[in-house]
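This report describes one protein model, going from the overall fold to single residues. Please keep the sequence and the 3D view at hand while reading.

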Amino acid sequence: MQTTDQYWVPYLQDETEKLVRKLIRLDNLFAYWNVQSQMFYLNDYDKSLDNLKNGVVNEYIVPKGYDFVFRPISAKAKLQMNRRSDFDFSDPKINLEVELHSIAIEFNKPQYFSVMELLESVEMMTQNLPYRKFKPDVPLHFHAKEWNPFPTLQKHKYGRILGYLLKNQRTAWLHEELELSMSKAIRNQEIFIRGM
C-alpha cells in the first residue's frame, strides 16, 4: 500500500490535503485444499520450515500436489478517501476502484467429498453439543466403568443422569406436569409485566 498524488504516482502526503489516495497491490492470493497431503508438523522444525517455504506459489511456479480452490489472483486497487466528508460533499467519502486480472474457481471430486465430510462432522458436533456435559473427564481407554453407566445404573452418577432424562420423557405429557409448567409460565409472565 502506497500513498500517492492525484496522478497515482507514489509520494509523501502532508496532513493538510483534503483527499488521501492509496495505491494497493495484491499479488498471489490463493486458496488450496489438499486432500491427502503430508502434515508438515509431523517433521522437525527445520524440515517443516523448508516445506512451507517451498510451498509458496506465484503466478509461474506451482508446486506439485497442490489442489487449488482458486488459483493465484493478482489485483490492483485505487482507494481515495475524503478526510472532510462531514461538511464537504464535493467528493465521495470513499472511492475504490479494483482491477482483477483473472479468477479461476475449481473443485475436483476428492476436494468436494472432503468438504462434505467436514460439514457432516461439524453438523454432528453441533448435534452432540447438548450431551457433552455428560461426558466423563477421563480418556476412553482403560476407563470402561466411567463411560458405560448401564451396569451400575442406580449407583453411578451417569446412571442417575440417564434415569433423570428417561423420567423427564415419561412425565413430560402428564396432566400434572403440564399444569405445573403452565403455572410457572403464567407466574413468569406476571413477574415480567410487573418489572416493566
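## A nonpolar patch

Patches are made of residues with over 30% relative accessible area and no salt bridge; like charges are joined within 9 Å, and nonpolar side chains (Val, Leu, Ile, Met, Phe, Trp, Tyr) within 5 Å. Accessible areas come from the Shrake-Rupley method with a 1.4 Å probe, and for residues only the protein chains shown count as cover. A salt bridge is a side-chain nitrogen of Lys or Arg within 4 Å of a carboxyl oxygen of Asp or Glu.

Which residues form a nonpolar patch on the surface? They are I94, L96, V98, L100, I103 and I105, and together they have about 610 Å² of accessible area. One of them, I105, sits in the loop between strand 4 (94-100) and helix 2 (109-128). I105 is exposed, because its relative accessible area is 64% (buried means under 20%, exposed over 50%, partly exposed in between, with a 1.4 Å probe and protein chains only).

## Model and confidence

The model is predicted: local features need pLDDT of at least 70, side-chain atom pairs count only at pLDDT 80 or more, and totals for chains, interfaces and linings use all residues. Residues are numbered from 1 along each chain as its sequence is written, and side-chain values use heavy atoms, with hydrogens and water left out.

The mean pLDDT (the predictor's confidence in each residue, from 0 to 100) of the protein is 80, and 87% of the residues score at least 70. Among the elements, helix 2 has the highest mean pLDDT, 92, while helix 4 (residues 157-171) has the lowest, 61.

## Overall fold

The protein has five helices and four strands. Helices (H or I, at least four residues) and strands (E, at least two) are DSSP runs, numbered from the N terminus. In order from the N terminus, the elements are β-β-α-β-β-α-α-α-α.

Of the 196 residues, 16% count as buried. The protein exposes about 16600 Å², and carbon and sulfur atoms supply 59% of that area. Among contacts (heavy atoms within 4.5 Å) with a separation of 6 or more, 54% join residues 24 or more positions apart.

## A buried serine

S48 belongs to helix 1 (residues 45-54). Is S48 buried or exposed? S48 is buried, because its relative accessible area is 12%. Apart from neighbours within four places in sequence, S48 is in contact with F40, Y41 and N43.

## One salt bridge

Side chains of opposite charge can pair when their charged atoms come close. The count here is one salt bridge. It joins the side chains of R25 and D27, at 2.5 Å from N to O. R25 is exposed, with a relative accessible area of 60%, whereas D27 is partly exposed at 37%.

## Aromatic rings

Rings of Phe, Tyr and Trp (its six-membered ring) pair if their centres lie within 6.5 Å; planes under 30 degrees apart count as stacked, over 60 as edge-to-face and the rest as tilted. The whole structure holds four aromatic pairs. One of them is the stacked pair of F30 and Y32, with 5.7 Å centre to centre and 20° between the planes.

F30 is partly exposed, with a relative accessible area of 21%. Y32 is partly exposed too, at 37%. F30, Y32 and F68 form one aromatic cluster.

## A positive phi

Most residues other than glycine have a negative phi. F142 is not a glycine, yet its phi is positive, about 70°. F142 lies in the loop between helix 2 and helix 3 (144-147). With a relative accessible area of 83%, F142 is exposed.
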